[in-house]
There are 2 protein chains.
Amino acid sequence: MSSLINDTLVKTLFKQKTAYTPCWVMRQAGRYLPEYRETRKKAGSFLDLCKNKDFATEVTMQPLERYPNLDAAILFSDILTIPDAMGLGLYFEDGEGPKFKHPLQDESTIQKLDIPNVEEKLDYVFGAVRSIKKALNNQVPLIGFSGSPWTLATYMVEGQGGTDFLKIKKLVYSRPDLINHILKINTETVTKYLASQIDAGADVIMIFDSWGGTLAHSEYEIYSLNFMKVIISNLNLLGYQDVPKIIFTKGGGHSLQAQSDSGTDAIGLDWQTSLSYARKMTNDKVVLQGNLDPSILLSTPKVIETAAKKVLDDYGKGEGHIFNLGHGITQFTPPENLDALLETVRNYSSKYHQD
Amino acid sequence: MSSLINDTLVKTLFKQKTAYTPCWVMRQAGRYLPEYRETRKKAGSFLDLCKNKDFATEVTMQPLERYPNLDAAILFSDILTIPDAMGLGLYFEDGEGPKFKHPLQDESTIQKLDIPNVEEKLDYVFGAVRSIKKALNNQVPLIGFSGSPWTLATYMVEGQGGTDFLKIKKLVYSRPDLINHILKINTETVTKYLASQIDAGADVIMIFDSWGGTLAHSEYEIYSLNFMKVIISNLNLLGYQDVPKIIFTKGGGHSLQAQSDSGTDAIGLDWQTSLSYARKMTNDKVVLQGNLDPSILLSTPKVIETAAKKVLDDYGKGEGHIFNLGHGITQFTPPENLDALLETVRNYSSKYHQD
């Protein structure tokens, strides 16, 4: 860890003293950047971009080159690489979310689902990690990531994102045996996937549980959190206990205490949950990451400054806060507005790290 | 009130002793019922159905005829009648959500927005209320309703529903003066609208804040709850203090205490918030309505029975719980499954109402 030039994020994840609150932004390598759009044009489709390590490295590095106040890089990839490696056929149609050609729509298909050969099928991801790690030259830590078993399962069963999730919910309530089969396979695959990302150079790992919040409060632990817990404890058993782990359930503000007991080092928060409330609910046991409403970045530097300060004030004094948005940055963000955010966080937060 | 044959719902709203937990279901008059689909065919479009008092009465009565264990009727209408009356041109395309022909997309259009002539433009709604009230013959109470000022504003600015709400969020953060102008006009219009529904015979009113949960926790009170509060206190000033009021913010579990201090008699809960937690947070100050995950109704009577009991157990003993789903019933629900739910609630809940 000591080899990192800027180790603020990693130090915060270990609750060590830092000079300021570290900051990175979900989807920081993305469409709001003109340089990203250029690379994307060269690469072809979004998946072509993910699968080519040189292009993936190029876009991962772009926000770091533009914004001196970013404290981490995050692997450029998609959360759905795993179901794609399982043969479900991930594809994107212009202007729409991800879809699968072969979703899990009947019992026999579900029963046949198996753990893919992660090393071989997802080699392009580990290649990208190695290449990015080299390009970073220890400047800042690299965050590797995966979708959570539940979130992957929703896409695998529904065949796409959505709002109702009736297919998978019907399965949850009618055939919990089948849903557990999918979740167990996903859990084992995600564990291998994250372990290999760490082997390839990821300094921190994050599990995105984008759809955990669609479950009823009483089902969230059973079908989502418990499987993230297994991944964390298995990674620890495999010897990765010193690699900090972040879990992020969008809409998971109802179960903060349970999340803080999962073995994770940090919890991501969306903008519906207050940091001070979360701090109280988790009794400062874990680091909190978040949680500015991304749409604020569509306003003006002055409004952004005020809003960023409010988030920092909401967390208050102490080590244990990573500043981020409550969700990915939108493609309509004027790039200079992110500068205003990062500068405010860097400068204003120092007062919360003094003795 | 004493004229109602089944006054269980109204008694619960006044926290009076009842023999069992009353139950109704959001969107109980809807596409899952074959008889609804028949009437819809006769009526033409969804809006034609809303605007014809005979058809609106017919579909409002259908679930009551089918299910003897329903404790309330709810006016068949749409939450977007108000912006339609303001001239924004509500329309529906097959298989898609509501849209507006003339959304509020620039400052001058917003500045020109004015309170419509509610009595004239929304006369069809009050006609439906009178007609339904007559058909009900005091069997159960009739719930009137409106969208909340914020929820109406999201549709008025975005021109449709959605997931990001970037247009209105941009306005919130860049031009709060304009958003407040819209919200004030909506608030005054909703107040008149609900007052007239009560005059026409509504026994209870409910405000649906479907999109309040999209606001950051720090903005929810400012842009949504406070305007619902004004409606409630204005209705009370107008002499409607004895008409029970329910507010329902989907995704509003972060602000239960503030909601319970709004003057409302009851709070609706989605399935992400536990009833026992909400009871604690609101200190039993208000009645709680909810909150079974609607997708459970896609499973089997046995699973539904267990899940309904779990919800009743979660609230526990005492007057102050109205059983409902956490959101509208889905069109894919087998009608007999709702029977299983209603029977379980009626029979199992009595144990929580004994001395």
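User: Which residues of H8(A) meet which residues of H11(A)?

Analyst: This is a predicted model. In H8(A), Val125(A), Phe126(A), Val129(A) and Arg130(A) take part, and they meet Ser196(A), Gln197(A) and Ala200(A) of H11(A). By class, this contact of H8(A) with H11(A) divides into four nonpolar, two polar and one charged residue.

User: What makes H8(A) roughly parallel to H11(A)?

Analyst: The axes of H8(A), residues 123-136, and H11(A), residues 176-200, cross at roughly 30° and come within 8 Å. Angles under 35 degrees count as roughly parallel. H8(A) is therefore roughly parallel to H11(A). The crossing in which H8(A) passes H11(A) is right-handed.

User: Why is H4(B) called oblique to H8(B)?

Analyst: Helix H4 of chain B (residues 53-66) packs on helix H8 of chain B (residues 123-136) at an angle of about 45°, and their axes are 9 Å apart. The roughly parallel class takes angles under 35 degrees and the roughly perpendicular class those from 65 to 115. The angle therefore makes H4(B) oblique to H8(B). The handedness of this crossing is right-handed.

User: Which residues make the contact of H4(B) with H8(B), and of what classes are they?

Analyst: H4(B) contributes Lys53(B), Asp54(B), Ala56(B), Thr57(B), Thr60(B) and Met61(B), while H8(B) contributes Tyr124(B), Gly127(B), Ala128(B), Ser131(B), Ile132(B) and Ala135(B). Six of these residues are nonpolar, four polar and two charged.

User: What makes H9(B) oblique to H11(B)?

Analyst: H9(B), residues 149-158, and H11(B) pack at about 120°, with 9 Å between their axes. The roughly perpendicular class covers 65 to 115, and the roughly antiparallel class takes angles over 145. H9(B) is therefore oblique to H11(B). H9(B) passes H11(B) in a right-handed crossing. Pro149(B), Trp150(B), Leu152(B), Ala153(B) and Met156(B) of H9(B) make this contact with Ile179(B), Ile182(B), Leu183(B), Asn186(B), Thr187(B) and Val190(B) of H11(B). The classes are nine nonpolar, two polar and no charged residues.

User: Which strands of chain B does H11(B) lie across?

Analyst: H11(B), residues 176-200, lies across E4(B) (142-147) and E5(B) (204-209), and runs at about 165° to E4(B).

User: How do you know which strands are at the edges of the open sheet of chain B?

Analyst: The sheet has seven strands in the order E1-E4-E5-E6-E7-E8-E9, with parallel pairing. E1(B) (73-74) and E9(B) (321-325) each pair on one side only, and they are the edge strands.

User: How do you know that E7(B) and E8(B) pair?

Analyst: Pairing requires at least two bridges. Three bridges join E7(B), residues 266-268, to E8(B), residues 287-292, and the two strands run parallel. Among the bridge partners, Ala266(B) has Val287(B) in E8(B).

User: How many residues of chain A are in contact with chain B, and which element gives the most?

Analyst: On each chain there are 27 residues in this contact. H10(A) (166-174), H12(A) (217-240) and H15(A) (301-315) are the elements of chain A giving two or more residues to the side that touches chain B. H10(A) gives the most, with five residues. The side of chain A that touches chain B has eight nonpolar, 14 polar and five charged residues.

User: What confidence does the predictor give?

Analyst: Chain A has a mean pLDDT of 96, with 99% of its residues at 70 or more. The complex has an ipTM of 0.93 and a pTM of 0.96.

Definitions and conventions:
Residues numbered from 1 in each chain as written. Chains lettered and ligands numbered in written order. Predicted model: local features only at pLDDT ≥ 70, side-chain atom pairs only at ≥ 80, totals over all residues. Axes fitted to C-alpha atoms, helices over the stretch in contact; angles between N-to-C directions. Helix = DSSP H or I, 4+ residues; strand = E, 2+ residues; numbered from the N terminus. Left-handed = near helix turned anticlockwise from the far one by under 90°. Contact = placed C-beta atoms within 7 Å. Nonpolar A, V, L, I, M, F, W, Y, C, P; charged D, E, K, R; others polar. pLDDT = per-residue confidence, 0-100.
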